[in-house]
Amino acid sequence: GIVVAVEGVFDAIRVWSLGIPAVAYFGSSPRAQQTKLLQRLKPSRLIMMPDPDAIASVADYASSVCGRFDEVLLATLGEGDPASADRSDLIDSLRSASPITSKLDVLDLQIGQVSSWKT
């Protein structure tokens, strides 16, 4: 069913502690070989949960692979990374993950972030 892709091992351990399968991609976003490995898992839903400093690169990655998975979503935390996040913040972030179906979805998210910064 669901696989959550996160930056590091401790992030993955934290997500697994909630009973949700997770993988670490070890960097600011997954690479081509990691995408092939993710495809072999055949998740119906791939949720990307980047650290705050890597949201843009992971969103771009998500838009580039959305055709390879049934559903690709982007879950972001207000601050901090998944390893240090509170359980309720992690769950809320996963529940409110934004679907990524094209580069336009990424642009919509970026516009929304800029609008929220101005208010």
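Reply: Here is a walk through the fold, then some single residues.

Me: What kind of model is this, and how are residues numbered?
Reply: It is a predicted model, where local features need pLDDT of at least 70, side-chain atom pairs count only at pLDDT 80 or more, and totals for chains, interfaces and linings use all residues. Residues are numbered from 1 along each chain as its sequence is written, and side-chain values use heavy atoms, with hydrogens and water left out.

Me: How many helices and strands are there in the chain?
Reply: The chain has 5 helices and 5 strands. Both are DSSP runs, numbered from the N terminus: helices are H or I with at least four residues, strands are E with at least two.

Me: In what order do the elements run?
Reply: Starting at the N terminus, they go β-α-β-α-β-α-β-α-β-α.

Me: And what order do the strands take in the sheet?
Reply: The order is 2-1-3-4-5, in an open sheet of 5 strands with mixed pairing. Two strands pair if DSSP finds at least two bridges between them.

Me: Which strands are at the edges?
Reply: Strand 2 (22-24) and strand 5 (98-99). Each of these pairs on one side only.

Me: Let's look at strand 3. Which way does strand 1 pair with it, parallel or antiparallel?
Reply: Parallel. Strand 1 (residues 2-6) and strand 3 share 5 bridges. V6 has M49 of strand 3 as its bridge partner.

Me: What about strand 3 and strand 4?
Reply: Strand 4 (residues 72-74) also pairs with strand 3 in the parallel sense, over 3 bridges. M48 stands opposite L74 of strand 4.

Me: How does the chain get from strand 3 to strand 4?
Reply: It passes through helix 3 (residues 55-65), in a right-handed β-α-β crossover. Right-handed means that, with the strands pointing away from the viewer, the path from the first strand over the helix to the second runs clockwise.

Me: Why is strand 3 largely enclosed?
Reply: Because 4 of its 5 residues (residues 45-49) are buried, the rest of the structure largely encloses strand 3. Buried means under 20% relative accessible area, exposed over 50%, and partly exposed in between (1.4 Å probe, protein chains only).

Me: How much of the whole chain is buried?
Reply: Buried residues are 40% of the 119 residues.

Me: New topic. How many salt bridges does the structure hold?
Reply: It holds 1. A salt bridge is a side-chain nitrogen of Lys or Arg within 4 Å of a carboxyl oxygen of Asp or Glu. Here R45 pairs with E71, and the closest N and O atoms are 3.1 Å apart.

Me: What does that pair tie together?
Reply: R45 is in strand 3 and E71 is in the loop between helix 3 and strand 4, so the pair ties together parts 26 residues apart in sequence.

Me: Now helix 4. Where does the side chain of S93 reach?
Reply: S93 sits in helix 4 (residues 87-95). Its side chain reaches the backbone oxygen of T76 at 2.8 Å. S93 is buried, at 4% relative accessible area.

Me: And L90?
Reply: L90 is also placed in helix 4. L90 is buried, with a relative accessible area of 0%. L90 and L18 are 72 residues apart in sequence, but 9.0 Å apart in space, C-alpha to C-alpha.

Me: Which residues form the nonpolar patch on the surface?
Reply: V9, F10, I13 and F26, with about 450 Å² of accessible area together. Patch residues have over 30% relative accessible area and no salt bridge; like charges are joined within 9 Å, nonpolar side chains (Val, Leu, Ile, Met, Phe, Trp, Tyr) within 5 Å. Areas come from the Shrake-Rupley method with a 1.4 Å probe; for residues, only the protein chains shown count as cover.

Me: Tell me about F10 and F26.
Reply: F10 is in helix 1 (residues 9-16), and F10 is exposed at 65% relative accessibility. F26 is in the loop between strand 2 and helix 2 (32-41). F26 is exposed too, at 52%. Its phi is positive, near 55°, though F26 is not a glycine.

Me: And what is the phi of K42?
Reply: About 50°, a positive value, and K42 is not a glycine. K42 lies in the loop between helix 2 and strand 3. K42 is exposed, with a relative accessible area of 68%.

Key: Polar contact = N/O pair within 3.5 Å; in protein donor to acceptor, adjacent residues only side chain to side chain.
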